[in-house]
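Here's a quick tour of a protein fold. Take a look at the structure first, then we'll walk through its sheet and helices.

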Amino acid sequence: MTKGFVSLVGAGPGDPDLLTIRALDRLRAADLVLYDALVAPEVVALADRAQRFSVGKRAGRRSVRQDTITRVMVRAARRGRRVVRLKCGDPYVLGRGGEEALALQTAGVPFEVVQGLTTAVAAPALAGIPLTHRGLASGFVVVSGHDESSFRPILGSLDPGSLTVIVLMGLAHRGLVATCLIERGWIPETAAAVVFAASTPRARTWVGTLGTLGTAPDATDTDAPGTIVIGDVVTLHTALASVAASHTDERRRKG
């Protein structure tokens, strides 16, 4: 029997045009695709000859256990199937890709990692917000907003205004994120934004301040993933929004 293979593939922020050539190749050749909840349907549809199953995790909803996902990948690969584990953004950026890679290695299953355009960078850029800009920010930090224990130690260590802060999976804790930074000394007037459904026809951007971040829409209001951006670079959104708008209009025409 031919030994199978697993590809941990980054789906990027949503737009199929932003997939890598290798990612597209793996999707078209796949026998089985296990995809995250927030992967765009247009990307999943590219695997038109494969069996496709959603194994994504959404806050407050029932989800497939991580050990079950790993077990399915291993079993399918051992049966000679070409498996794609399709993840939002990049597999190694807050996507548990490292855990899955180690599990596959332990099981003796051959695999590869196909990098994707991480939402942490792509979502702000598509909204006209560069993460670094001379005179405004010389670096950035990306944190998971899923749990306070994940982001508080990092946010609590940042000097006010020292870096652009990107928070993924943090809409439910957006108010607490703001509180952490303000307690650290960040001024409430610091610019902040939430980029929803980046690169998709539903894309939109909320712009406010650190002090009003807690009043921004959340996933319940939009049913769309949101990326939080905090820092002076957000002030460039107005000047660069036309570029973002043209990209969104193009996606809507395609949709």
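This is a predicted model: local features need pLDDT of at least 70, side-chain atom pairs count only at pLDDT 80 or more; totals for chains, interfaces and linings use all residues.

Residues are numbered from 1 along each chain as its sequence is written, and side-chain values use heavy atoms, with hydrogens and water left out.

**The sheet**
- Helices (H or I, at least four residues) and strands (E, at least two) are DSSP runs, numbered from the N terminus.
- You'll find 5 strands in an open sheet, ordered S3-S2-S4-S1-S5, with parallel pairing (two strands pair if DSSP finds at least two bridges between them).
- Strand S3 (51–54) and strand S5 (111–114) are the edge strands, each pairing on one side only.
- Strand S2 (residues 32–35) and S3 pair in the parallel sense over 4 bridges, and Leu32 stands opposite Gln51 in S3.

**Helix H3**
- Helix H3 (residues 66–78) has 13 residues, which at 1.5 Å a residue should span 18 Å; its end C-alpha atoms are 19 Å apart, and that agrees (the expected span is 1.5 Å times one less than the number of residues).
- Its buried residues (under 20% relative accessible area, 1.4 Å probe, protein chains only) are Gln66, Ile69, Thr70, Met73, Val74, Ala76 and Ala77.
- The buried residues of H3 pack against S1, S2, S4 and helix H4 (97–107) (contact means heavy atoms within 4.5 Å).
- After H3 comes Gly80, with a positive phi near 90°.

Conventions: Buried means under 20% relative accessible area, exposed over 50%, partly exposed in between (1.4 Å probe, protein chains only).
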